[in-house]
Amino acid sequence: MSRNQQHLLRLVLSCRKITAQVTNPTNSTIIAMASSSEQESFLSIYRNTSLSVFSRQTWDSKTASRVGEKLGFRLKEIGVSNICIDLNEELSRPIHYRKRVIPLFDSVKRVGIEVDGVEKLGEIGPV
């Protein structure tokens, strides 16, 4: 499948949550998605944080990893085995976000989904 015909993984990041969406290459509809704001993710984050209000409002690399794993299983369930990232979009992110999303990509790979473009993300400068 050519890069233009692969399913595209896009991340929506904010200071409070991370959402991963995979879109269909032909009509740009979302075929799978996972988010740190889903109930089971939110409860595990809430239980594992201190009483600081600020700490409950942010996500970290562990949260990104759980979102990636959940997304990987959902993709496997619908028969998708290969996705790609928009390398330019990922490189345009601030470095503190790039460091925290790498575990998401790694988790998707561990589930058995090939993620094209991630290897180039690691090659270009420190992450």
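How many helices and how many strands are there in the protein chain? There are six helices and five strands in this chain, where helices (DSSP runs of H or I, at least four residues) and strands (DSSP runs of E, at least two) are numbered from the N terminus.

This is a predicted model, in which local features need a pLDDT of at least 70 and side-chain atom pairs count only at pLDDT 80 or more, while totals for chains, interfaces and linings use all residues. Residues are numbered from 1 along each chain as its sequence is written, and side-chain values use heavy atoms, with hydrogens and water left out.

**View 1. The protein chain as a whole.** Read from the N terminus on, the elements follow the order β-β-β-α-α-α-β-α-α-β-α. The chain has 127 residues, of which 42% count as buried; buried means under 20% relative accessible area, exposed means over 50%, and partly exposed lies in between (1.4 Å probe, protein chains only). Its accessible surface comes to about 7,200 Å², and 53% of that area belongs to carbon and sulfur atoms, with areas taken from the Shrake-Rupley method with a 1.4 Å probe, where for residues only the protein chains shown count as cover. Among the contacts (heavy atoms within 4.5 Å) with a separation of 6 or more, 65% are between residues 24 or more positions apart.

**View 2. Confidence along the chain.** The mean pLDDT, which is the predictor's confidence in each residue on a scale from 0 to 100, is 83 for the protein chain, and 77% of the residues reach 70 or more. Over residues 51–56, however, the pLDDT is below 50, and this stretch has six contacts in the model beyond near neighbours in sequence.

View 3. Strand β2 (residues 18–23) pairs with β3 in the antiparallel sense over five bridges, two strands being counted as a pair if DSSP finds at least two bridges between them. Ser 28 counts as exposed because its relative accessible area is 56%. Asn 24 is also placed in the loop between β2 and β3, and its side chain makes a polar contact of 2.8 Å with the side chain of Thr 26. A polar contact is a pair of N or O atoms within 3.5 Å; within protein, one must be able to donate a hydrogen and the other to accept it, and residues adjacent in sequence count only if both atoms are side-chain atoms. When residues up to four places away in sequence are not counted, Asn 24 touches His 7, Thr 29 and Ile 31.

**View 4. The surroundings of Glu 38.** Glu 38 sits in the loop between β3 (30–35) and α1 (39–47), and it counts as buried because its relative accessibility is 17%. The side chain of Glu 38 reaches the backbone nitrogen of Ser 35 at 2.9 Å, and a polar contact of 2.9 Å also joins it to the side chain of Arg 74. With neighbours within four places in sequence left aside, Glu 38 is in contact with Met 33, Lys 70 and Arg 74.

View 5. The whole structure holds five salt bridges, each defined as a side-chain nitrogen of Lys or Arg within 4 Å of a carboxyl oxygen of Asp or Glu. In one of them, the closest N and O atoms of Arg 10 and Glu 89 are 2.6 Å apart. This pair links distant parts of the chain, with Arg 10 in strand β1 (residues 7–13) and Glu 89 in helix α4 (residues 87–91), 79 residues apart. Arg 10 counts as partly exposed because its relative accessibility is 36%. Arg 93 and Glu 89, both buried, meet in a salt bridge of 3.4 Å, N to O. Arg 93 also forms a salt bridge with Glu 90, with the closest N and O atoms 2.9 Å apart. Through shared partners, these salt bridges join Arg 10, Glu 89, Glu 90 and Arg 93 into one network.
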